[in-house]
Amino acid sequence: MTSMQRVLTTIGQNEPDRVPYFLLLSLHGAKELNMSIEEYFSDAKNVFEGQIKLREKYGHDCYYSFFYTPIEIEAFGACVIYSHDGPPNAGAPFLTKEMINDLKAPVVKDSEVLSKVLKATALLKEVAKDEVPIIGVVVSPFSLPVMQMGFDNYIELIYNDRELFWKLMEINIKFCVDFSNAQIESGATAITYFDPISSTTIIPKELYLETGFEVAKRTISQIKGATATHFASGNCLSLMPYLPDTGTAVVGVSVFEDLSELKKAADKKLTLLGNLNAIEMRNWSVEQTKQYVKEAIQKGAKGGGFILGENHGEIPWQVEEETLLAIKDAVREYGTYPME
């Protein structure tokens, strides 16, 4: 099977030839090209070349056209802070409550930084054709305000001024849909809808159903391609019955919840992506890595509907090559169907 066939088979709740696995590597491309992280993300061709090299080495079932999370607020004019050994982070919040009514979202195709993502995606599509999925990324309209406003100000807005909250959501929904569809037009197979604020680790389920759930339904219905909702290591077990109604097909699940319970809750309506511990992975031995992969496959893989991956959506810079190669080897050792 090609990677595309393998992934589509498991999303269809059937068993492919082996468990598909996504190594969501962004920063490691800089290592492959012997560049600093800042230099690496300065040019779409670097990200394209990095993704090609990473898949050649680790054999995973996707290309990942993601650059870094705050690229979206960078398009709004905010600053990004680079690190030599970690992902770029958002600078100071740029939006106050009083500014929301005058806020305008950037035009995606006129944005220099977002255009790099689109170019990298198009270059990857030339190589991937229809054989390897290309996974694009957007931050959900509901989670983006943490970088726009700051966590405390945004939570106060949710609780204290729903009218203005929904005004901000309207702006962010349009931006999210436009950026998602631009990536799909450039060649992305699916869009990862990163939504950590909707996780029950952050807000109560009841508040999610009033807010993030409604935002997801309005947004995902306008995206012209498949979506995967990712809670970025946040808990989501109690949300599983509601997630199919958002239109999403795949859910990135947390290592802090039991994979067997998550698989049961998915009820063949959702495919699970997870749930290796990305933080602890930095210190795993080869033997530990293989054991964790084996356990995840035993809990999640039966009957399809499972893609092995880590639980956060980005593998840390500090994870060693031998660990990633051990994941590759373990999938081939323990992940072949049919399984005992």
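Student: How close do the axes of H9 and helix H11 come, and at what angle do they cross?
Tutor: In this predicted model, the axes of H9 and H11 (residues 212–220) come within 10 Å and cross at roughly 35°. Axes are lines fitted to C-alpha atoms, for helices over the stretch in contact, and angles run from 0 to 180 degrees between N-to-C directions. Helices are DSSP runs of H or I with at least four residues, strands are E runs with at least two, and both are numbered from the N terminus.

Student: Which residues make the contact?
Tutor: H9 brings Trp 166, Met 169, Ile 173, Cys 176 and Val 177. H11 brings Glu 214, Val 215, Arg 218 and Thr 219. Contact means heavy atoms within 4.5 Å.

Student: How do they divide into nonpolar, polar and charged?
Tutor: 6 are nonpolar, 1 is polar and 2 are charged. Ala, Val, Leu, Ile, Met, Phe, Trp, Tyr, Cys and Pro count as nonpolar, Asp, Glu, Lys and Arg as charged, and the others, Gly among them, as polar.

Student: Cys 176, then. Buried or exposed?
Tutor: Cys 176 is buried, at 2% relative accessible area. Buried means under 20%, exposed over 50%, and partly exposed in between (1.4 Å probe, protein chains only).

Student: And how many disulfides are there?
Tutor: The structure holds 0. A disulfide here is a pair of cysteine sulfur atoms within 2.5 Å. For Cys 176, the nearest cysteine sulfur is that of Cys 236, 18 Å away.

Student: Back to H9. What does Gln 183 touch?
Tutor: Gln 183 lies in H9. Leaving out residues up to four places away in sequence, its contacts include Val 117, Leu 118 and Thr 121. Those three are also among the buried residues of H6.
Student: Is Gln 183 itself buried or exposed?
Tutor: Buried, with a relative accessible area of 1%.

Student: What covers the buried residues of H6?
Tutor: The cover includes helix H9 (162–186), helix H4 (44–58) and strand S4 (134–139).
Student: How many residues does H6 have?
Tutor: H6 has 17, residues 112–128. From first C-alpha to last, H6 reaches 24 Å, close to the 24 Å expected. The expected span is 1.5 Å times one less than the number of residues.
Student: What comes just after H6?
Tutor: Lys 129, with a positive phi of about 50°.

Note on methods. Residues are numbered from 1 along each chain as its sequence is written. This is a predicted model: local features need pLDDT of at least 70, side-chain atom pairs count only at pLDDT 80 or more; totals for chains, interfaces and linings use all residues. Side-chain values use heavy atoms; hydrogens and water are left out.
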